[in-house]
Amino acid sequence: QTVKFAKGTTTLAFKFNDGIIVSVDSRSTMGAYIASGTVKKVIEINPFLLGTMAGGAADCSFWERNLGMQCRMYELRNGKRITVAAASKLLANTVNSYRGYGLSMGTMVTGWDETGPQLYYVDSDGTRLKGNMFSVGSGSTYAYGILDNFYRKDMSVEEAIDLGKRAIYHATHRDCYSGGINNLYHVTKDGWTQIHAIDVNEMHYEFAEDKKNGMNMSI
């Protein structure tokens, strides 16, 4: 009998013409108990590679840091940076070898390599998918509702940041297992940069004010 995790989170990432946006919440829960409100769910694997955490915090944290070590070993052996496809394959192979051992992971591996921006979904069942947009966690259905409505490939950077921010806000508003702080990253050919870390409570009043003033979404 494997451990039944009572887990909850909202993480998302999407590709657009000017790179990749990675946006996450920061709430860690054990069922109805909020264990932490300041978890860093984006793992900085190297300056060009990011991973996200959903599922068991210890599993994601440990194996994605292990992936960072494997990526660095690849760099040292081959004298060049690992591709996003290869990094996601390393993680998929690692977790696949532990299938049936009770790992709980739903992660995204994203970054920029010589082939451009890349985004992969990897989970503890050994699933590995390439795509343009993913959302993982208990609040992902709410996030997808916003993303599916407003996502465009040709968004400006400001529009993409606003979309990532709003999708997390709406997920945290409806899903009690998501909340805390919205950490948002933008990945370009020069690597990733952290755009902001905003309390979702502040976002609630900001968007409520917009609604009161009759402002439309900028996207």
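## Exercises on salt bridges

In this predicted model, Asp-210 and Arg-166 form a salt bridge whose closest N and O atoms are 3.7 Å apart.

**Exercise 1.** Describe the contact between Glu-75 and Arg-72, and classify the accessibility of Arg-72.

*Solution.* First, the side chains of Glu-75 and Arg-72 form a salt bridge, with an N to O distance of 3.1 Å. Second, both residues lie in helix H1 (residues 57-78), three residues apart, which is about one turn of the helix. Third, Arg-72 has a relative accessibility of 45%. Because this value falls between the cut-offs of 20% and 50%, Arg-72 counts as partly exposed.

**Exercise 2.** Identify which residues are linked with Arg-152 in a network of salt bridges, and classify Asp-154 and Arg-152 by accessibility.

*Solution.* The network links Arg-152, Asp-154 and Glu-159. Within this group, the side chains of Asp-154 and Arg-152 meet in a salt bridge at 2.9 Å, N to O. Asp-154 has a relative accessible area of 51%, so this residue is exposed. Arg-152, at 32% relative accessibility, counts as partly exposed.

**Exercise 3.** How many salt bridges does the model contain?

*Solution.* Counting the pairs with a side-chain nitrogen within 4 Å of a carboxyl oxygen gives nine salt bridges.

Note on methods
Residues numbered from 1 in each chain as written. Predicted model: local features only at pLDDT ≥ 70, side-chain atom pairs only at ≥ 80, totals over all residues. Heavy atoms only, no water. Helix = DSSP H or I, 4+ residues; strand = E, 2+ residues; numbered from the N terminus. Buried < 20%, exposed > 50% of the residue type's maximum accessible area, 1.4 Å probe, protein only.
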